[in-house]
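Try each task before reading its solution.

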Amino acid sequence: MDHELLNTVRLGILLSHKLNGDAIGVPVWFDWDGQKISFFAGSDSKKVSRLRNNPKVSLLVTNNVGEPEAWVAFDGDARLCEGGGIQLAETLAHRYWDMDAKDNQDKLEAWKLYPDAFVKYEMMPTNIRMGS
C-alpha cells in the first residue's frame, strides 16, 4: 500500500488500551516498509505496559494543517521484537530530527549509552483504513 501521506515524515498517533479498556493515544515515530509498521518505546514506559496487557493497537497518520484532508489508520497487534530498539531509534532520529543540531546529536549519543532502555515493536496490519 502506497499512500501519499506516507511519502513524507509524519508522526503517528498510537492508540492502545489501559487495563480498564479505555483507549489512550500517544505520538510515535514510526517506519512503514509497505508491509509492517515499526516503532520503538522506552522499555519501562507506560506504553510498553499497556502493550503487554493488550497488544491490539491502531496507528493513525494524518495530514498537516493546510494540506488536503487525508488520513491512514493501521490496525493490528503490536509484537515485541527481540532487540533492535536502539537501532530503530537511531534510524528514526535521523529521519525526524535535524541531526546537524548539537542538542539532537547529544540526545542520540546519550540514548546509545543505554541501548537496553529501548524496545522495538512491529505490527503487521490486519486492517488498513483511509479517508479524506
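**Exercise 1.** What covers the buried residues of α3?

Solution. Keep in mind that this is a predicted model. Begin with the residues themselves: Asn104, Leu108 and Trp111 of α3 are buried. Seen down the axis of α3, these buried residues fall within an arc of 55 degrees, so they line one face of the helix. Their cover includes β4, α2 and β7. Now turn to the face of α3 that points away from the buried side. Lys102 and Asp103 are exposed there.

**Exercise 2.** Find the buried residues of α2 and what covers them.

Solution. The buried residues of α2 are Gly85, Ile86, Leu88, Ala89, Leu92, Ala93 and Tyr96. They cover an arc of only 155 degrees around the axis, which puts them on the same side of α2. Their cover includes β3 (31-32), β4 (37-42), α3 (102-112) and β7 (118-123).

**Exercise 3.** Describe how α2 and α3 pack.

Solution. Start with the geometry. The angle between α2 and α3 is about 175 degrees, and their axes lie 10 Å apart. An angle over 145 degrees counts as roughly antiparallel, so α2 is roughly antiparallel to α3. Then list the contact. From α2 come Ile86, Ala89, Glu90, Ala93 and His94. From α3 come Leu108, Trp111 and Lys112. Finally, sort the contact residues: five are nonpolar, one is polar and two are charged.

Methods: Residues are numbered from 1 along each chain as its sequence is written. This is a predicted model: local features need pLDDT of at least 70, side-chain atom pairs count only at pLDDT 80 or more; totals for chains, interfaces and linings use all residues. Side-chain values use heavy atoms; hydrogens and water are left out. Buried means under 20% relative accessible area, exposed over 50%, partly exposed in between (1.4 Å probe, protein chains only). Helices (H or I, at least four residues) and strands (E, at least two) are DSSP runs, numbered from the N terminus. The arc is that of the directions from the helix axis to the C-beta atoms. Contact means heavy atoms within 4.5 Å. Axes are lines fitted to C-alpha atoms, for helices over the stretch in contact, and angles run from 0 to 180 degrees between N-to-C directions. Angles under 35 degrees count as roughly parallel, over 145 as roughly antiparallel, 65 to 115 as roughly perpendicular and the rest as oblique. Ala, Val, Leu, Ile, Met, Phe, Trp, Tyr, Cys and Pro count as nonpolar, Asp, Glu, Lys and Arg as charged, and the others, Gly among them, as polar.
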